[in-house]
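Dear colleague,

Please read the notes with the structure open beside them.

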Amino acid sequence: KTEKERDARGRKMKGLLYESEHVDKCFDESVTSMACGGKATIMLFENGGSAWTKGLPTNLYNKLNGRQKSLPGPDYVAMGSQDRYYVRFKDGSSQCVGCEEMTKK
């Protein structure tokens, strides 16, 4: 199943990014989700790990870095301008920091 999923999402990336050497070093075929916003890039991996460059929105950094190891990790992240982001965790919970329209239920 894993090889099929890798083929479906693609195994390579190409682009102009801040800290591109760090991104290139971390990126491999096990990246399941990758988001870029402002000067930051974050990658999520099949094993539940993650890697990011500096410039991650402070609230997102705190949410990920301070998360208890016993809690499910992220499986999807999106970033936008003005420190806006959305993160969904493997248990289906999520957090969003964005414009007022995005945070209405």
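Which residue forms a salt bridge with R6 in which the closest N and O atoms are 2.6 Å apart? That partner is E46, and the pair links distant parts of the chain, since R6 belongs to helix 1 while E46 sits in the loop between strand 2 (40-45) and strand 3 (50-52), 40 residues apart. Please keep in mind throughout that the model is a predicted one.

R6 also forms a salt bridge with E29, where the closest N and O atoms are 3.0 Å apart. E29 lies in the loop between helix 2 (20-26) and strand 1 (31-37), whereas R6 is in helix 1, so this pair ties together parts that are 23 residues apart in sequence.

A further salt bridge joins R6 to E3, again with the closest N and O atoms 3.0 Å apart. Here both residues lie in helix 1 (residues 2-9), and because they are 3 residues apart, about one helical turn separates them.

As for accessibility, R6 counts as buried because its relative accessibility is 12%, under the 20% cut-off. Through shared partners, the salt bridges join E3, R6, E29 and E46 into one network, and the structure as a whole holds 4 salt bridges.

How values were computed:
Residues are numbered from 1 along each chain as its sequence is written. This is a predicted model: local features need pLDDT of at least 70, side-chain atom pairs count only at pLDDT 80 or more; totals for chains, interfaces and linings use all residues. Side-chain values use heavy atoms; hydrogens and water are left out. A salt bridge is a side-chain nitrogen of Lys or Arg within 4 Å of a carboxyl oxygen of Asp or Glu. Helices (H or I, at least four residues) and strands (E, at least two) are DSSP runs, numbered from the N terminus. Buried means under 20% relative accessible area, exposed over 50%, partly exposed in between (1.4 Å probe, protein chains only).
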